[in-house]
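Dear colleague,

Please find the structure below.

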Amino acid sequence: MLADAAAEELLALMRGVVRRDRTAFAALYDRAAPQLFGIALRILRQREEAEDVLQEVFVAVWDRAASFDPARGSVMTWLVTVLRHRAIDRRRRRAHLEDRLGSEEDLLALTAAATDETDRGAGLAALQKCLGELDERPRQAVLLAYAYGYTHEELAKRLTTPIGTVKSWVRRSLERLKRCLDG
Amino acid sequence: MNYRDPKLRDLLAGEYAMGLLPPRARARFERLMAGDPELQRLVADWQERLAPIDRTAPSVAPPRRVWRAIEQGTLQRSFQPTQGAGWLHSLAFWRGLAAATAAVAAALVIYIALGPGPARTPTVLAVLADNTGTPAFIATRAERAGEIAVDPVRPQDLAAQKSFELWAIAGGLPKPLGLVSATPGQPLLVPASAVGSAGTILAVSLEPEGGSPSGLPTGPVLFQGKLLSN
């Protein structure tokens, strides 16, 4: 399968990075950076900051390559996790909450995102179906948090709902998503 | 919080994967996770479930300067110890080597001075030693003015389809100087101006045949020494 082959390739490159092979490191960057940069841009909405985060992530990958454990998930998932947490941290440090609030169009585009023919499209379709089963506002909360890095406070402000309610929306949505996806 | 409640554990794993835990709670959760393989699995499951959302972000090619900054940031670390395997196994090796190299260089200079002098006494500019302090290559002033010759002091083991590549390192990115032979007698001649000033580190790395394809060292540094003068 296409996605498996790509994952295997990234794993082989990651093993090279652990051996301090700089050619493998450069190839890993070439393969993964555009997707990671896109994710960082969506969260930060600011090119310079997204560039900084991407740089930090790859320097951290070089330094901590040996701590990557293939038993705990794919290379891409690991990279995305490191990147998202750093991007979200940076977003949180911004002084004004308003600066961080993005527009709604992208979110709507996301729920309606066209799926492609590959395996990744299939995974997205299943998740979209399960997201579709959530009520509208809890679904928005999940997507704003995951795709755009919104905090509970920002979700409360954006969705003009008390923070406690937003927190329980997310929790209940996670439970429902899990049942729907695993069931 | 009771971290043993299975339902709460799964919920926290989900919130962690979402990126919703505030910084301090997240740090606490990560410490917990480090010693708890089951919690790691819960997190991995959540990451797997949510990952399709990542793929809805359009890929954007980052500008080239990002990679250049990464290269610069990581190359400096390449000469320092890293977790697990590194180019050099310890910083102590690196420091010890400088001392060993200086001592070897001094000994060589004395040897050359006392030996049955050849017509032209070569001036030793640097001695490149392995990680035990054994000299492997020497850099001398070449016969032609303005050139430096780098030659092995004895035949060196070199695997098939591999090359030794010489680099000058003076703070920034290593600068490639050319391939050096594994057997004495065919010294690599480089312009002294390309090598840099006293204090520059000369290093020989193991590369694919023909040298590093990227213009930067890709293999381990096997021999190195400091340029004593130029």
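This is a predicted model: local features need pLDDT of at least 70, side-chain atom pairs count only at pLDDT 80 or more; totals for chains, interfaces and linings use all residues.

Residues are numbered from 1 along each chain as its sequence is written, while chains are lettered from A and ligands numbered from 1 in the order in which they are written.

Chain A as a whole averages a pLDDT of 85, and 83% of its residues score at least 70. Chain A holds 10 helices and zero strands; helices (H or I, at least four residues) and strands (E, at least two) are DSSP runs, numbered from the N terminus. Among these elements, the lowest mean pLDDT, 51, belongs to helix 5 (residues 97–100), and the highest, 96, to helix 10.

Helix 10 of chain A has 20 residues, which at 1.5 Å a residue should span 28 Å, and its end C-alpha atoms are 28 Å apart, in agreement. The expected span is 1.5 Å times one less than the number of residues. Buried in this helix are A:Val166, A:Trp169, A:Val170, A:Ser173, A:Leu174 and A:Leu177. They lie on the same side of helix 10 because they cover an arc of only 135 degrees around the axis, the arc being that of the directions from the helix axis to the C-beta atoms. The face turned away from that buried side carries the exposed residues A:Gly164, A:Ser168, A:Arg179 and A:Asp182. A residue is buried if 20 or more other C-beta atoms lie within 10 Å of its own, exposed if 12 or fewer, and partly exposed in between, with C-beta atoms placed from the backbone.

Turning to the interface, 52 residues of chain A are in contact with 44 residues of chain B. Helix 2 (22–44) of chain A is among the elements that give two or more residues to this side, and helix 2 gives the most, with 12 residues. The side of chain A that touches chain B divides into 26 nonpolar, 12 polar and 14 charged residues. Here Ala, Val, Leu, Ile, Met, Phe, Trp, Tyr, Cys and Pro count as nonpolar, Asp, Glu, Lys and Arg as charged, and the others, Gly among them, as polar.

With kind regards

Terms used. Two residues are in contact if their C-beta atoms, placed from the backbone, lie within 7 Å. pLDDT is the predictor's confidence in each residue, from 0 to 100.
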